[in-house]
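Biologist: Could you take me through the strands and the aromatic rings of this model, with the cut-offs behind each term?

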Amino acid sequence: LVVNVTAIGESNEAGLLLRSGAQPGDVVIVTGSFGSSAAGLQLLLQSGGCKRVSHSMRQEEWLLAHLEPWPRLGEATDLVRLVGSRGALMDASDGLGDALWQISDQSQVDMEIDLEAIPLNADMVDFAVSIGVDPYQWALYGGEDYELVATISAADWLKAQSQSGESFPFKKIGVVLASQPQANKFEMESGRVRL
């Protein structure tokens, strides 16, 4: 059995953001919150895969995040209209950590990420801790959140905040740095991660 899939589409007339577009001085931004899909998967595993088990409203949201993810196409389009082709963008369907790594690798830059700035749902954090899981493990490596990860210039970040204010769907979680050769490209120190 051979399955061959071809995706065809077209780029936005305002520009195209690639993984290779991050530059030192850029701001690292994300939509939504991370770890909800992993929490939903954990609920399914605990219930033997049965979706009919009664869950709280918040837990139902986690299940939906895992079973029926909603890609952020509108937010991606709005970002491209704001910045054109200046910056980098991808989804975090394989995990926030993977998306950050891919942008860093393709752009040949480093990033400094403030772990406390990564948006996490407070109830998800409580649930993870209650079963002995580090919530950042779910946020960074759980995957299937389908949120966006982008880098834009500091000037575009300020412009977006002044134009959109609180309605801008992206939150800053870090900065892009010039690449420095190092044996271990992943360093963690006092709540900040450099990769």
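Modeller: This is a predicted model, in which local features need pLDDT of at least 70, side-chain atom pairs count only at pLDDT 80 or more, and totals for chains, interfaces and linings use all residues. Residues are numbered from 1 along each chain as its sequence is written, and side-chain values use heavy atoms, with hydrogens and water left out.

Biologist: Which residue in E4 is the bridge partner of valine 28?

Modeller: Helices (H or I, at least four residues) and strands (E, at least two) are DSSP runs numbered from the N terminus, and two strands pair if DSSP finds at least two bridges between them. E1 and strand E4 (residues 148-152) pair in the antiparallel sense over four bridges. Within E4, the partner of valine 28 is threonine 151.

Biologist: What is the angle between the planes of tryptophan 62 and phenylalanine 127?

Modeller: Rings of Phe, Tyr and Trp (its six-membered ring) pair if their centres lie within 6.5 Å, and planes under 30 degrees apart count as stacked, over 60 as edge-to-face and the rest as tilted. The structure holds four aromatic pairs. Tryptophan 62 and phenylalanine 127 form a stacked one, at 5.3 Å centre to centre and with an angle between the planes of 20°.
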